[in-house]
Amino acid sequence: MDGESAAEKKQVARVQALFVKHASQIRGFIISMMPGASETDDILQETFLTVTAKAKNFELGTNFVAWAMTIARFKVLEHFRQGKKSELLLGDEILELLVEDAPNNLADDAQIRALKACLQRLSPQVQTMLGQRYAEGWKPERIATEAGWGANSVYVALSRARTALRECIVKQVKGGLA
Amino acid sequence: MTLVDHIQSYLDGDLVAHEVRELESALSASSEARRTYWKVAQTHSLLSLAYAEQDGADWASLTTSTQDISVPGPSRWWVSAAAAAAALIALLAGWWHFQDTAASAPIVATTQDGSEFLNAGNLHLDLGESREIVFLKGTRVALEGPAEVELLSDEKMRLNFGKIGVDVPDGAEGFTVITPSGEVIDYGTRFGLSVEKSGEMRAEVFEGRIEVSLGKKIHRMEGQASLDFSAAGTELQQGSNPSGYPMPSSTLHWSVDGNFNTPKKHPSGRPHSPNQWSGDPTENTLSTPSIKAASGKGMLQFLSTNDPPSEELDTVASQLWRIVDLHEVREKMGRRPTNVTLSAWVNRINGSSTSDTIFLLGLSAHQFITDELEDGPGVLVKTQTAIESDSDPITWERADLSLQVPPGLRYLVVMLGANENVRNDLHAPEFDGHFIDNLKMTFHAGMRSSAITRHWRGSPGNWSNPKKWSENTAPASTSIAVIQGAGTASITEEIRHLSGSLVLGRDDASQGSLHVKEKGTLHLGETETIIGFNPGASATCQIDGTLTTDGPLYIGRNNAHSLMQVRGSLISTNLIQLSQYDSPTDTRSELEILGGSLHADSLRLLYDQSQMLLLSGTVHLKSLTLGGTTGNATLTQRGGTLRTEQLTLGKGTYLLESGQLWIKMPPSELSNFLPGHPRHPKGDWTLILPRP
C-alpha cells in the first residue's frame, strides 16, 4: 500500500535534492569525525537512508547541513558500536562539542577548488605521495618503501604538505578565487 | 606528539584507545584545541574527497587533467535517487571548470615555521641577513648572507656562494648541495658548508657522514672533520667547529623514562645520580579497574608524603625527582639557549570531599647538583606548575611546563608531585589513588647565526689591516673580535661591527688595548662588549673619536683592571656597567670622562671596584645606579656636567667636588642625597652644586 501523499513525496524529493547538493559537505563531515576513512561510503549511504526516512521532520528553510550532520554523527556512532571499535572513536560528548564548532564551509565548492589549485603547487613527488595516501589508502610505511625514503621522512613530508595546503587554501579562498 | 599530529593520527586511524582518550581530554579542555581539530580535519577531508572522486581513474591525473568530468565513486545511495544524481554530476562538474592559470614552480620547501612555501628557484641573502628553510623531505638548512642559493628539489640545492648549516634527519639521507666546484652528499648528519665567491670551499662535518665530490675525487668525511678546497689544493683535517656556521633550529624528544610501565617501588630520598627516579613513597602500578594507564600498561602512583608518617617529617606533597644529564643533549642542540618543555597526564580516583586534587610539575636548570636539588645552590632557573585534577577517573588531565635554559647546561631536575592541598592526613593512606603517566620531555632551540672569532695578532696596528688579525682577515660584521697582546689596535676610520661582539683582554692575565683615534668611529651592534674578561686580564679602551653601541658595554667582567677613557664621544642606547660581576677587592673597573661626552641609557656602578671620574665634558643618562647592596662604588665629579633622569642610590658614594649635577627629580626626593650641597629646582630638574 502506498500511503504517501503527493506532498510527502515532494518533501522527500526536496530533502534528497538538498542532500545531493550538500553531499560533499556531509561526506567531508563524516570523514572529519572518524578514524580512517574506508567506511565513509557506507555511513553516507546510511545517513542518506535516514535523512530520506525522516524527511518530513525537516523544516524547509532551516539549516539542512546542520540537520544532516546530527544524523551523520549518530550514524558514525552506530557504525563504530556495531563494529565494536567504539574505543577508537572519540566519545559522543566530544563529537557533539565538535559538531557545535564545525566550520560551515567545511568542504564546499570554494574549498575544494582551492585545494586543487594548491595541490598543483606541490612538487610532483609529494603529489604522488598524497595520491598514494588518499586515493590508494597506503600507510606512510608503504609509501616510504615505494619511494625509497625513510618512513619518518614520509610522515614529515605529508605533514608539511598538509600544513602547506592548509595555509594555501586559506589564502586562496580569502583571495577571492572561490 | 603535537596536537596537530595527534589529530591527524586519529583521522588516519593510527591511534590506539588510550591515545584517543588523551585526545578527548585535550579537545574537551579547550575550544582552541577544537579549532585546531577542525583545521586539521578540513584539510584531511578535502584531500580524501578530492582523491576519492578519482575512483578507478589514475589519481595522478587529479592535478593535471582539467578536461575530464569525473563522477563520484561507488555510491550506492544515489542510484536510488537517480533524479538527484544528475544534479550531483552537474555540481561536481563545476569543480573541474576551475583552472589554475598561474602554473608556478613546484613547492620544495617551507619557511621555518611552515607558514610560507618556497618554490624551486633562486634565493638571495644580503650581508647580515639569515634565514632557515625546511625542505619538504625534512632537511633543515640555515643560510647566512651574503649568499646565493637555488632550491632545486625537495632534496637538492645549489650554493653559489655563502655559508650554510645543514641538519639532515633520518630518512632524508641523500640530501645534496651542488657547489661551483663539486657536490656534497649527505648520509644523515649535521654539517656546515661555506663557498667563497672566488670558488674556495670549506666543508665541515659535525656528526654523521658526508661525501664531497670534487672533480673525479670523492672524499668521505665522518665524525668530526673538515675539508678545505682552494686553488692550492685540497686539505682534509680532523676536527670541526660548528660555531663557525649558522645552525638550523632543532627539536629533540628526550626519554625521561616517563611511561612507568614496569611495576616497582621507587627508591626513597632525593636522587644523587642522573637518570633514576627517587623521592617520597611512590610506585609504578598497573592499570586498575577504575583507572586505566594513559599510555602503556603502567602509571606512577603517589603513596604518601613521607615514610613513616609523622608530625615532624610530614611534608605537604609526595614528590619524585629525576636528574637529567644533558651531556648528549647539549651537543645535539649546539650549545645555544634552549627551551625545554615537559608534559604529563594526571588522574585520580573520585574519592571523597577530603581527596587531594592538586598535582605538581617542576623543572629546574642546574650548574651542579646538590642534595637539596631545586632548592639548593647551583640552580640557574626553575619553574613549577600546579594542575587541578577533576574527579572523573576516566579522563586524564594534561599538564605542561616550559623553561628557557642557558646554552651548554649540564643538568635538569624534573619534579613530579601530588599535593596535600585538601587535608594533610598524617596516617596512611594519604593519597587514595593519585597518578601521573606519559611524561614527555622535548628540547627546542631556534636557529642561530655563525660566530667566528678573530684574534688580534698582538703588535700595534690598525683595526682595518687584515694582516693584523688571525687568518689574515679583519673581523666580519658577525665575528667575535678578540683583542689581546701588547700592541694597541687603533681605529682611524669608520668601522661597523654590528652583529659581532668585542672582547678586550680575554684570556687569564692577558692585556688588551683599543684606541679609537680622533677621526675614527666604531659602531657596535646589539651584542655585548667586554673591556677586560678573564681573571688577571688588563684592558684599556681610549676614545678620542666616537664609539656607538646598541648592546651592553661592560667595563670589566671579573678581571684585574679595566679602564675606559673618553675624550671624544661614547654613545650607548643600552647599558654601561662598570664591572659585570663582583670581583676581588684588588681589582678595578674605571671609567674616566676627560672631555667630550658620554650618552647612555643607563649607567651602573655596583661594586667596590667600580670607579668613575668626571673631569670635564658632559654626561647624559636616563638612569644612574650608584652602588649595589654591598659594594661601595664611587663616582667623583671634578668638573663638567652630569645629567640623569633617574637616580638609584645603593651603597655608593657621589663626590661632587666641582661642576654641575642635574637630576630630573624634585628636591624633596633628594633630601638624603649629597647633604649640605646647595640645590636649586629648575623646572622638572634639580641642580646640585659643590659645597661652597
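In H1(A), the residues Val12(A), Val15(A), Gln16(A) and Phe19(A) meet Phe48(A), Val51(A) and Thr52(A) of H3(A). Sorted by class, this contact of H1(A) with H3(A) is made up of five nonpolar and two polar residues, with no charged ones. The model is a predicted one, and everything here should be read with that in mind.

As for the geometry, two packed helices are described by the angle between their axes and by how far apart those axes are. Here helix H1 of chain A covers residues 6-21 and helix H3 of chain A covers residues 40-53; the pair packs at an angle of about 150°, and the axes sit 9 Å apart. Since angles over 145 degrees count as roughly antiparallel, that makes H1(A) roughly antiparallel to H3(A). The crossing, where H1(A) passes H3(A), is right-handed.

Over in chain B, a couple of backbone torsions are worth a look. Asp257(B) has a phi near 55°, a positive value in a residue other than glycine. Asp257(B) turns up in the loop that links strand S15 (250-254) and strand S16 (264-265) of chain B. Because it has 14 C-beta neighbours inside 10 Å, Asp257(B) counts as partly exposed.

Leu674(B) also belongs here: its phi is near 50°, again positive in a residue other than glycine. The loop in this case runs between strand S45 (653-663) and strand S46 (679-682) of chain B. Leu674(B) has 19 C-beta neighbours inside 10 Å, so it counts as partly exposed; being buried would take 20 or more.

Key:
Residues numbered from 1 in each chain as written. Chains lettered and ligands numbered in written order. Predicted model: local features only at pLDDT ≥ 70, side-chain atom pairs only at ≥ 80, totals over all residues. Axes fitted to C-alpha atoms, helices over the stretch in contact; angles between N-to-C directions. Helix = DSSP H or I, 4+ residues; strand = E, 2+ residues; numbered from the N terminus. Parallel < 35°, antiparallel > 145°, perpendicular 65-115°, else oblique. Left-handed = near helix turned anticlockwise from the far one by under 90°. Contact = placed C-beta atoms within 7 Å. Nonpolar A, V, L, I, M, F, W, Y, C, P; charged D, E, K, R; others polar. Buried ≥ 20, exposed ≤ 12 C-beta atoms within 10 Å, placed from the backbone.
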